[in-house]
Amino acid sequence: HEVVGMPSLSPTMESGSISAWNVEEGAAFAAGDVICSVETDKATVDFEAQDEGVVAKHLVGAGSGEIPCGTPIMVTVEDEGDVAAFKDFVAEAGAEPAAEAPAAEEAPPAAAPAPAAAAPTPPAAAPTGERVFASPRALTLAKEKGYGEISALRIVGTGPGGRIIAQDVLDYDPSTAPAAAIAAEPVAAAPAAVPVAAAPASPLPEPVAGPGYTDYALPTSALELASRLHASKQNVPHYYLTIDLALDSLLELRSNLNSVMKSEEGGIAVNDLLMKAAAAAMKTVPAANSSWIDGGVVRVYDSVDVNVVVGNGASLYAPVIRDVGRRGLKAVSDDFAAATAVVEGEEGADPTTVPGFGDVGTFTMVNLGAFGVKSCAPIIREPQACALALGAIENRIVPNDDDESEEIYKESTMVTATLSCDHRVVDGAVGAQWLAAFKNHVENPVTLLL
């Protein structure tokens, strides 16, 4: 069994009240099902199941008032036959989920094996009430490797703010982690490593058709991304700056570079050059390459690590390209091509060979030009302070700036760029300075060689 605590459904949530139970006692649920609706001081949000199981007991009734995060609210089991054992189960005030095992021993002898089998797993119950922050790729890798839910693993995140990143999952050793977590009971803890490592990834439930609609369950990675973007939009004071860029000189440089490269090598893309221009602008205006840290601290990063959004729908990822400012254009292009191959599912593409796949960088870029979108105001990914969106490249008629030409207008290849900024970190003047520097590097791409 598992004693589930009140979840923290946003980075600032400290308590909440259950407005309605959607899964009754004795009812089964699947991954993605809404177990209950939780009302916070800001909104009413859904508490969605991350795995399948059965609700054995509601420890808190709907409308019972504010409940601190981590306080037990229900008990879940794997089999419906174990529900009766928890009919009279009562959670002691302030007790950790692990301390609830003795209460289960009061059940009839036939039900005793269920609590005994679950005894080695209480360390995973604490993260259930205290939300674990992990990148979408880390969650996917944990499922693919058979580790089950990432909240059940004692992984120490090395990403920003202790966030679990893909490399943390790749470095995780299930044979040693349980022993280190429960040093007091090494003999009892060892068997638990087998079912945890062997737990298969739960398949998505089948679509549910209703009168005039169909409900589709989302994978864990998509739910995590939606949750983070929702929290970021609520917590970060966004504002937006837009500018038009002439790409004529940049396209000419790209053509010259690709003409001297060997045919078997991948060519430099426009997005690669725009990424380098963004990193060069960070060198001019380093305040944009920073994060807001709780406690009134702004952290400015030395390296420009760019998350580039690729894919769509359930396969939407933002692989990070490391140290774009100090690395060569070809190296940056190769890294981005390798990450894109993984997202697009190309044969032989392995996410474990892509450095930083699924991690969080210091800046985000998204290019919607392939969809014909002219401009977009992106949501900032916490803890970053800026995100840049690029629209479709198009030919436009603009005023002719050539004094020697008799033509009043000329045709130019243009693109619209929109910068989303966190006003706590990057105010309007700094954001405008960054866009001016970005425009200068794009329209004078020879500066990228300096």
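Residues are classed as buried under 20% relative accessible area, exposed over 50%, and partly exposed in between, with a 1.4 Å probe and protein chains only as cover. The structure is a predicted model, in which local features need pLDDT of at least 70 and side-chain atom pairs count only at pLDDT 80 or more, whereas totals for chains, interfaces and linings use all residues. Residues are numbered from 1 along each chain as its sequence is written, and side-chain values use heavy atoms, with hydrogens and water left out.

The protein contains 13 helices and 19 strands; these are DSSP runs numbered from the N terminus, with helices being H or I of at least four residues and strands E of at least two. Of its 450 residues, 45% are buried. Contact denotes heavy atoms within 4.5 Å, and among contacts between residues at least 6 apart in sequence, 62% join residues at least 24 apart. Accessible areas were computed by the Shrake-Rupley method with a 1.4 Å probe, only the protein chains shown counting as cover for residues. The protein exposes about 22200 Å², of which carbon and sulfur atoms supply 54%.

An open sheet is formed by four strands in the order β5-β4-β2-β7, with antiparallel pairing; two strands are taken to pair if DSSP finds at least two bridges between them. S17 is placed opposite E39 in β4.

D305 lies in the loop between β13 (297–300) and β14 (306–309). With a relative accessible area of 10%, D305 is buried. Beyond its neighbours within four places in sequence, D305 contacts V320, I321, R322, D323, G361, T362 and F363. The C-alpha atoms of D305 and N289, which are 16 residues apart along the chain, are separated by 9.0 Å.

Y409 belongs to strand β19 (residues 409–422) and counts as exposed, at 52% relative accessibility.
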